[in-house]
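Work through these exercises with the structure in view. Try each task before you read its solution.

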Amino acid sequence: MKPIGRRALLGTTLGALAAAVAGCTTTDKIDTASGASDQTDATLAMINKLRGARGLGPLSRHPAAANAAVDQAKRMASAGKMEHNIGLGANFAKRMKGMEVPLPAAENIAVGQSDAARAFQAWVDSPKHLANMLGPGYRGLGVAEAKNPASGSRPYWAMVLSS
């Protein structure tokens, strides 16, 4: 067997490292919550009824928006706090771009509601969240809920609206 030179070994090691880094995503670096679930389908009819009553077009499930909602719900449940910007590099616009959510986009968050209908109603009752849901430029939707035993298993909710 031919011995491996230092340069060949270094090249092999760097190649493996590059392949490992390329496979990482933003969510790989987060202490993720257990019990996260995509609640987009449970919310879609409610939001489309609301938008239809106001003469606005319906939204449809958008995979990137759903992934971004799951990611945000997990972030909040892991941290045990309801905030839009959690962790290093958690800027909303950067998160949306990094998760390939079409911009413009908006995010609604909530905590404590036991199901999608109650989370949706909390957003309807909040003028700023309602304005997001009635945004005329949005076409895509993602909604998620996450719980983490380390933060008391409280339900954390995230809704992402995308163009």
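Two strands pair if DSSP finds at least two bridges between them. Helices (H or I, at least four residues) and strands (E, at least two) are DSSP runs, numbered from the N terminus. The model is predicted: local features need pLDDT of at least 70, side-chain atom pairs count only at pLDDT 80 or more, and totals for chains, interfaces and linings use all residues. Residues are numbered from 1 along each chain as its sequence is written, and side-chain values use heavy atoms, with hydrogens and water left out.

**Exercise 1.** Find the pairing partners of strand 4 (residues 140-146).

*Solution.*
- Start with strand 1 (residues 37-38): two bridges join it to strand 4, antiparallel. Here D38 partners A144.
- Take strand 2 (residues 60-61): its two bridges with strand 4 are parallel. R61 stands opposite L141.
- Move to strand 5 (residues 156-162): seven bridges, antiparallel. A146 faces Y156 there.

**Exercise 2.** Which residues point each way from strand 4, and are they buried or exposed?

*Solution.*
- One way: G140, G142, A144 and A146.
- The other way: L141, V143 and E145.
- All are buried (under 20% relative accessible area; exposed is over 50%, partly exposed in between; 1.4 Å probe, protein chains only).

**Exercise 3.** Examine the salt bridge between R95 and E107.

*Solution.*
- Apply the rule: a side-chain nitrogen of Lys or Arg lies within 4 Å of a carboxyl oxygen of Asp or Glu.
- Check the distance: 3.0 Å, N to O.
- Locate the ends: R95 is in helix 4 (residues 92-98) and E107 in strand 3 (residues 105-111), so the pair ties together parts 12 residues apart in sequence.
- Check burial: R95 has 4% relative accessibility, so it counts as buried. E107, at 6%, also counts as buried.
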